[in-house]
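Subject: Structure for your review

Dear colleague,

Please find below the structure that I am handing over to you.

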Amino acid sequence: MDIDIVSVFPEYFDVLDLSLLGKAKSKGLISVRAHNLRDWTHDVHQSVDDTPVGGGAGMVMKPAVWAECLDELLGIHTESPDRPILIFPNPSAPLFTQQDATELSHAQHLVFGCGRYEGYDARIPVYYRERGVDVREYSIGDYVLNGGEVAVSVMLEAITRLLPGFMGNPDSIVEESYTGGNALLEHNQYTKPATWRGLDVPAVLLSGDHAKVDRFRRDEALEKTNRIRPDLIAQLDCHALSKADRKTLIELGWEVSGDHPRRIS
Ligand code: SAM
């Protein structure tokens with residue numbers, strides 16, 4: 001996968017050389033290029049922002065500089081049949097989810113644009129969409145960061161860990177939170193020792209009975225999701241639930257006879 005990132009702080013992405021992402025880079029699974037937006041400026045101050053039209057506080061990133069940069073990275077003036085997907089982090093955009101990460105992990109080439117200041121001129125995504133580019137804007141949560149660099153790092157990590165060959169053990173990503181058609185929060189995880197500072201791991205996990213362990217974990221995932229993210233329970237497909245899942249959900253106060261669970265108590 002080819003990844004281009006545009007930022008006024010490209011050094012921010014030196015951290016991508018660490019950990020599994022760094023390994024994926026050295027294995028050639030991903031190639032990451034971080035660009036400085038200021039390289040596409042022409043004035044002596046290398047300015048990338050200007051005052052907001054209509055007034056207000058702060059500065060807004062100028063469309064002209066972004067366009068010179070993005071025209072080049074997206075190959076907009078060439079006949080390339082495979083355009084990269086262009087992604088802008090933006091706190092006032094739809095939330096980035098595991099589903100988006102999964103979909104984007106199949107892309108060949110991603111270009112990320114990191115906003116700063118009050119953000120980027122709203123015409124930039126409009127312009128590229130009108131030219132047939134797949135432009136995505138995502139928020140990583142209901143809070144405001146100083147810039148898009150952290151948000152891009154978050155999205156990149158979520159996307160690239162799904163690439164075949166990225167994880168040492170591919171099973172690690174099969175049963176995680178938010179993963180799969182009927183997504184739940186993951187069950188709790190424990191390691192040795194079985195008793196630590198007076199706290200025991202659940203006895204069933206030591207039983208060696210795989211069916212019982214699976215059921216225990218599934219029930220724990222249902223109970224935890226019910227408690228922390230009931231919105232995810234309400235999205236489950238009842239037709240894909242096992243008899244045992246239905247029983248647990250009924251005990252947790254859900255009605256499961258329709259297409260999706262409905263809370264009744
Ligand atoms: N004026 C904007 C607003 O109120 O929505 C905030 C701009 S923020 C200070 C500057 C940049 O940080 C944004 O353009 C975006 O790229 C990034 N950013 C900040 N919070 C973010 C979030 N929750 N998710 C994704 N990107 C974010």
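The lining of the largest pocket divides into ten nonpolar, ten polar and two charged residues (Ala, Val, Leu, Ile, Met, Phe, Trp, Tyr, Cys and Pro count as nonpolar, Asp, Glu, Lys and Arg as charged, and the others, Gly among them, as polar).

The model is predicted: local features need pLDDT of at least 70 and side-chain atom pairs count only at pLDDT 80 or more, while totals for chains, interfaces and linings use all residues. Residues are numbered from 1 along each chain as its sequence is written, and side-chain values use heavy atoms, with hydrogens and water left out.

Largest pocket

A pocket here is an open set of points, on a 1 Å grid over the protein atoms alone, where a 1.4 Å probe fits, with protein on both sides within 12 Å along at least five of seven lines; lining residues have an atom within 4 Å of a point. The volume of the largest pocket is about 670 Å³, a volume being the space filled by probe spheres set on the points, which are joined across faces, edges and corners. Its lining has 22 residues, and Thr97, Gln98, Gln99, Tyr178 and Leu232 lie nearest the centre. Helices H3 (98-104) and H5 (148-160) each supply at least two lining residues, and H3 gives the largest share, four residues. Helices (H or I, at least four residues) and strands (E, at least two) are DSSP runs numbered from the N terminus.

Domains

The protein is divided into domain 1 (2-170) and domain 2 (195-263), with bounds from an automatic or database domain assignment. Their centres, taken over C-alpha atoms, are 38 Å apart. The largest pocket lies between the two domains because both give residues to its lining.

Second largest pocket

This pocket has a volume of about 410 Å³. It is lined by 25 residues, with Pro89, Asn90, Pro91, Gly119 and Tyr120 nearest its centre. Helix H4 (123-130), strand E7 (135-138) and H5 each give two or more residues to this lining. By class, twelve of the lining residues are nonpolar, nine polar and four charged.

Helix pair H2 and H4

Pro63, Trp66, Ala67, Leu70, Asp71 and Leu74 in H2 meet Arg123, Ile124, Tyr127 and Tyr128 in H4 (contact means heavy atoms within 4.5 Å). The residues of this contact comprise eight nonpolar, no polar and two charged.

Yours sincerely
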